[in-house]
Amino acid sequence: PFTLPSDVFVAAKNGKKIARYIITNPANGSNANPSVPTTVDAYVIPVTLPDPVIQNLYTNPGNIVYLNCSSLRDIPVVGKAAVVRVAGGGSLVADLKLDFVWKGTPLPGGDDIPDYPFSKTLQGNEHTAGFEVYLPFNAALRPIRDGRGVISYTAEIDGRTHTSEDHDVRVVVVDNAGTFCPGTQDA
């Protein structure tokens, strides 16, 4: 057995590497016998992904937090939408593709809601400064009506898929009469 200093692994970073060793005669350095190359999947540097955080949430007097009509913003090209902020830093790097998924759950007895997946490729300094993505009202929020929503994202870093923490929130975008948020288009 022999021990390699941890600096060797940190310098090589995460991912698939080829490992091998060579045995020689210490008296004259001859008769080198290399080992068979072995693929090693190294994971020595922790990967951290900043959490997606839904902005402008409403807290009622009972201290229950909602994504509701007051949470919506008018976003050019997108229309009414909820804003999701992801801070920069962690293991984010320039040009990294992030695959988001918004999963809606209706109140008991409601119809199943299809997931709302979308992707974002980081541009410029978004990997350090952070960025925003949007949950369009008609596509992502209207189907929930009154229920819950959870957003997270995945990224492939060093050959492994990593997943962010979830942001789970109560969603109420319809009133007791079945009327949706003001300013939203009918589906």
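These notes walk through the salt bridges, the nonpolar core, the aromatic rings and the disulfide of a predicted model.

1. **Salt bridges, overall.** Side chains of opposite charge can pair when their charged atoms come close. The count of salt bridges here is seven.

2. **D41 and R160.** The side chains of D41 and R160 form a salt bridge, with 3.3 Å from N to O. D41 sits in strand β4, residues 38-42, and R160 in strand β14, residues 160-163, so the pair ties together parts 119 residues apart in sequence. D41 has 40% relative accessibility and counts as partly exposed. R160 is also partly exposed, with a relative accessible area of 24%.

3. **K103 and D115.** A salt bridge joins D115 to K103, and their closest N and O atoms are 3.6 Å apart. K103 belongs to strand β10, while D115 lies in the loop between β10 (97-106) and β11 (116-121), so the pair ties together parts twelve residues apart in sequence. D115 is partly exposed, at 39% relative accessibility. K103 is partly exposed as well, at 41%.

4. **R148 and D168.** Here the side chains meet in a salt bridge at 2.9 Å, N to O. The link runs between distant parts of the chain: R148 is in strand β13 (residues 146-157) and D168 in strand β15 (residues 167-172), 20 residues apart. D168 counts as partly exposed at 41% relative accessibility. R148 is partly exposed too, with a relative accessible area of 36%.

5. **The largest nonpolar core.** In soluble globular proteins, nonpolar side chains tend to be buried together. The largest nonpolar core of this model has 33 residues. Which of its members touch the most others? They are L67, L98, F100, W102 and L141. Six elements each supply at least two residues of this core: β9 (79-86), β10, β12 (131-136), α3 (137-141), β13 and β15. The top contributor is β13, with four residues.

6. **Around L98.** L98 is one of the core residues that touch the most other members. Leaving out residues up to four places away in sequence, L98 touches L92, F118, S119, K120, L122, F131, Y153, T154 and A155. Two of these contacts, F118 and Y153, return in the aromatic points below.

7. **F100 and Y153.** The structure holds five aromatic pairs. F100 lies in strand β10 and Y153 in strand β13, so the pair ties together parts 53 residues apart in sequence. Are these two residues buried or exposed? Both F100 and Y153 are buried.

8. **Y116, F118 and the cluster.** Y116 and F118 have ring centres 5.6 Å apart and planes at 40°, so this pair is tilted. F118 is buried, at 16% relative accessibility. F100, Y116, F118 and Y153 form one aromatic cluster.

9. **The disulfide.** A disulfide is a covalent bond between the sulfur atoms of two cysteines. The model has one disulfide. C69 and C181 form it, with their sulfur atoms 2.0 Å apart. The link of C69 and C181 is left-handed, with -85° about the S-S bond. C69 is in the loop between β7 and β8 and C181 in the segment after β15, so the pair ties together parts 112 residues apart in sequence. C69 is partly exposed, with a relative accessible area of 33%. C181, in contrast, is buried, with a relative accessible area of 3%.

10. N68 is found in the loop between β7 (65-67) and β8 (73-75). N68 counts as buried, at 15% relative accessibility. Which residues does N68 touch, not counting residues up to four places away in sequence? They are Y58 and V172. The side chains of N68 and S70 are joined by a polar contact of 2.6 Å. N68 and Y116 are 48 residues apart along the chain, and their C-alpha atoms are separated by 18 Å.

Note on methods:
Residues numbered from 1 in each chain as written. Predicted model: local features only at pLDDT ≥ 70, side-chain atom pairs only at ≥ 80, totals over all residues. Heavy atoms only, no water. Salt bridge = Lys/Arg side-chain N within 4 Å of Asp/Glu carboxyl O. Buried < 20%, exposed > 50% of the residue type's maximum accessible area, 1.4 Å probe, protein only. Core = buried A, V, L, I, M, F, W, Y, C linked by side-chain atoms within 4.5 Å. Contact = heavy atoms within 4.5 Å. Polar contact = N/O pair within 3.5 Å; in protein donor to acceptor, adjacent residues only side chain to side chain. Disulfide = S-S within 2.5 Å. Phe/Tyr/Trp six-rings, centres within 6.5 Å; stacked < 30°, edge-to-face > 60°.
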